[in-house]
Amino acid sequence: MVRALPKERRSFLLCAGAAILFITSCSRPADSSRTIAIEQEISPEPARIGPIDVTFRLIDPAAKAVTGAHIALEADMSHAGMAPVFREAKEIEPGRYQVHLTFEMAGDWVILLHVILPGGQKLERQIDVRGVRPN
């Protein structure tokens, strides 16, 4: 024989269950990709038409180099009319990545980084390269 719970207990259990569902649905696991710092260097500086090297350092919150990441790069002029340039960065030393590009025109460029970290997390960053100079 099953007895019904008193009304006060049913209300309490219903409220407690709703609170648990609300708390678990609103919480997110920590996103380590947001805490990854990316330092970049463009050479030559200031950037000119022609070949350039872009070097990146990926650093975790403990100030350790992030190794084994995959970095795809997309460079495009900030105005329409130029086809984007796609490249893959290579890890040249632990946590340090480099890519060779060619700026075909003077003006403002935008470099988009598409990074996949070793754990599979993805992050994207944008680097604005303003005022690429003519030779």
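Trainee: Which residues touch the most other members in the largest nonpolar core?

Mentor: Please keep in mind that this is a predicted model. The largest nonpolar core has 29 residues, and those touching the most other members are F56, L58, I111, L113, V115 and V129.

Trainee: And which strands each supply at least two residues of this core?

Mentor: Strands β1 (37-43), β2 (50-59) and β3 (70-77) do so, as do β6 (96-103), β7 (107-116) and β8 (122-132).

Trainee: Take L113. What does it touch, leaving out residues up to four places away in sequence?

Mentor: L113 touches I38, F56, I71, A72, L73, L123, E124, R125 and I127.

Trainee: Changing topic to T55: where is it found, and is it buried or exposed?

Mentor: T55 is found in strand β2. Its relative accessibility is 8%, which is under the 20% cut-off, so T55 counts as buried.

Trainee: Which side chain does the side chain of T55 join in a polar contact?

Mentor: That of Q98, at 3.0 Å. Q98 itself lies in strand β6.

Trainee: What else is T55 in contact with, beyond its neighbours within four places in sequence?

Mentor: Besides Q98, T55 is in contact with E39, Q40, E41, R96 and Y97.

Trainee: And with which residues is Q98 in contact, on that basis?

Mentor: Leaving aside neighbours within four places in sequence, Q98 is in contact with D53, V54, T55, A89, K90 and I92.

Technical notes: Residues numbered from 1 in each chain as written. Predicted model: local features only at pLDDT ≥ 70, side-chain atom pairs only at ≥ 80, totals over all residues. Heavy atoms only, no water. Core = buried A, V, L, I, M, F, W, Y, C linked by side-chain atoms within 4.5 Å. Buried < 20%, exposed > 50% of the residue type's maximum accessible area, 1.4 Å probe, protein only. Helix = DSSP H or I, 4+ residues; strand = E, 2+ residues; numbered from the N terminus. Contact = heavy atoms within 4.5 Å. Polar contact = N/O pair within 3.5 Å; in protein donor to acceptor, adjacent residues only side chain to side chain.
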